[in-house]
Amino acid sequence: GLTNPLKAGQELIVPAKVNTVTNTYETFKPYNKAAAVGSTTPELAMPAPQSGGGCGTIGKLIMVVVAVAVTVLTQGAAASFMGPILSSAVGAAAGSVASQVVGQAIGAQDGFSWKAVAQSAIGGAISAGVSEFA
């Protein structure tokens with residue numbers, strides 16, 4: 001409580017500037033949902049680095065280009081008779097298979113990984129699910 005209670009007719013002194021913090025175009029940033037959520041674009045994992053042989057960085061770049069192209073084409077074709085989540089999973093899996101086959105053909109990858117195919121399919125489905133319900 002107050003040590004000195006207010007009395008009728010008492011003079012009160014109010015400071016000239018109550019708030020020293022002001023919102024200006026430099027300090028106030030409105031809420032931006034896109035910036036809060038971040039990117040929802042699906043991203044394929046890069047193939048594991050292989051030691052020796054192959055086409056090096058160019059070989060990996062070729063594998064990524066093949067994976068993206070096959071993923072997009074397969075997903076687009078599958079979208080007409082599958083839902084967006086299932087078509088994204090199928091597209092991502094097909095992209096992984098194609099990328100690994102090309103990687104083996106050019107010597108950038110030694111073996112085939114079904115685990116990588118499954119991870120791509122799961123990643124594609126999750127990305128599509130997040131963007132579908134966001």
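Me: Where in the protein chain is confidence lowest, and where is it highest?
Reply: Lowest is helix H1 (residues 33-37), with a mean pLDDT of 70, and highest is helix H3 (residues 84-106), at 86. pLDDT is the predictor's confidence in each residue, from 0 to 100. This is a predicted model, where local features need pLDDT of at least 70, side-chain atom pairs count only at pLDDT 80 or more, and totals for chains, interfaces and linings use all residues. Residues are numbered from 1 along each chain as its sequence is written, and side-chain values use heavy atoms, with hydrogens and water left out.

Me: What does the protein chain average?
Reply: A pLDDT of 77, with 81% of the residues scoring at least 70.

Me: OK, how many helices and strands?
Reply: Four helices and zero strands, so the order from the N terminus is α-α-α-α. Helices (H or I, at least four residues) and strands (E, at least two) are DSSP runs, numbered from the N terminus.

Me: What share of the residues is buried?
Reply: 19% of the 134 residues. Buried means under 20% relative accessible area, exposed over 50%, and partly exposed in between (1.4 Å probe, protein chains only).

Me: And Trp-114, buried or exposed?
Reply: Exposed, because its relative accessibility is 61%. Trp-114 sits in helix H4 (residues 114-133).

Me: How far apart in sequence are the contacting residues?
Reply: Among contacts (heavy atoms within 4.5 Å) between residues at least 6 apart in sequence, 62% join residues at least 24 apart.
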